[in-house]
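Subject: Structure handover

Hello,

Below is the structure I promised to pass on. My notes on what was found in it follow.

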Amino acid sequence: MADRDWDAEIDAWTERFRHIPDPPPVFARAIRDGWTADDRAALAREAAEYSARHEGWLAQIGASGWDLVRLDTRGQECGACARYSGSPYSLRGETPGIPAPPPLPICPACRHTLNLLTPFFMQSAGLDAGDLVRDAVPYEPID
Ligand SMILES: [Zn+2]
């Protein structure tokens with residue numbers, strides 16, 4: 001994936017979060033008080049690091065041939081990311097009816113993960129393939 005321009009994304013998300021309930025705390029603060037150069041630089045650096053780690057994880061599970069994952073927000077979702085919480089995604093397009101995952105991080109502040117959606121998890125959660133298709137939330141970039 002091409003490198004994302006985190007400075008540009010932080011600008012764009014600052015505007016978006018003015019109209020989205022429950023912005024991440026760092027954006028709520030920036031909307032209230034304005035960005036400090038330090039906060040902005042830290043957020044851009046952390047988002048780039050997280051994105052690189054996520055790409056590494058995708059390469060690792062991609063190499064293993066795994067297809068089904070689930071977006072895990074661990075209860076830390078913001079108003080923009082919340083709708084994707086718990087959604088199944090297909091990494092390799094091998095599961096009919098299941099969309100490709102969003103790029104992570106979705107917004108620069110959230111640190112969600114794609115966890116393997118294992119048969120064990122599905123069984124213990126009482127999920128079958130039809131439930132996955134029903135629960136799938138295709139990613140739609142804002143704008
Ligand atoms: Zn978010």
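How many helices and strands are there in the chain? There are 5 helices and 3 strands. Please keep in mind that this is a predicted model. In sequence order, the elements follow the pattern α-α-α-β-β-β-α-α.

Overall shape

The C-alpha trace spans about 45 × 30 × 25 Å along its principal axes. A compact globule of 143 residues would have a radius of gyration near 15 Å, and the chain has 16 Å, so the two agree. Buried residues account for 24% of the 143 residues. Of the contacts with a separation of 6 or more, 69% join residues 24 or more positions apart.

Helix α1 covers residues 6-17. Its 12 residues should span 16 Å at 1.5 Å a residue, and the end C-alpha atoms are 16 Å apart, which agrees. Which residues of α1 are buried? They are W6, I10, W13 and F17. These four cover an arc of only 70° around the axis, and therefore lie on the same side of α1. An α-helix has 3.6 residues a turn, so residues three or four places apart point the same way. A8 and E15, on the other side of α1, are exposed. As for what the buried residues of α1 pack against, the partners are α2 (25-33) and α3 (37-63).

Helix α3 has 27 residues. From its first C-alpha to its last it reaches 39 Å, close to the 39 Å expected at 1.5 Å a residue. Just after α3 comes G65, with a positive phi of about 85°.

The sheet

In what order do the 3 strands stand in the sheet? The order is β2-β1-β3, the sheet is open, and the pairing is antiparallel. β2 (88-90) and β3 (113-116) are at the edges with a single partner strand each, so one side of each has no neighbour in the sheet. On average, neighbouring strands are turned by 40° against each other, direction ignored. Strands of a sheet pair through backbone hydrogen bonds, either parallel or antiparallel.

Strand β1 takes in residues 68-72 and pairs with β2 in the antiparallel sense over 3 bridges. On that side, L68 has S90 of β2 as its bridge partner, and R70 has P88 of β2. The antiparallel pairing of β1 with β3 runs over 4 bridges. There, V69 has L116 of β3 as its bridge partner.

Is β1 largely enclosed or largely open? Of its 5 residues, 4 are buried, so β1 is largely enclosed by the rest of the structure.

D72 is found in strand β1. With 14 other C-beta atoms within 10 Å, D72 is partly exposed; a residue needs 20 or more to count as buried. Which residues is D72 in contact with, leaving aside its neighbours within four places in sequence? The contacts are H112, T113 and N115.

Backbone points to check by eye

Most residues other than glycine have a negative phi, and most peptide bonds are trans.

- D22 has a positive phi of about 55° although it is not a glycine. D22 lies in the loop between α1 and α2 and is partly exposed, with 14 other C-beta atoms within 10 Å.
- R74 also is not a glycine, and has a positive phi of about 50°. R74 sits in the loop between β1 and β2. It counts as exposed because it has 9 C-beta neighbours inside 10 Å, where 12 or fewer is the limit for exposed.
- The peptide bond from L104 to P105 is cis, with omega near -5°. P105 lies in the loop between β2 and β3.

Regards

Note on methods: Residues numbered from 1 in each chain as written. Predicted model: local features only at pLDDT ≥ 70, side-chain atom pairs only at ≥ 80, totals over all residues. Pairing = 2+ DSSP bridges. Helix = DSSP H or I, 4+ residues; strand = E, 2+ residues; numbered from the N terminus. Axes fitted to C-alpha atoms, helices over the stretch in contact; angles between N-to-C directions. Expected span 1.5 Å × (residues − 1). Arc of directions from axis to C-beta. Contact = placed C-beta atoms within 7 Å. Rg over C-alpha atoms; globule rule 2.2 N^0.38 Å.
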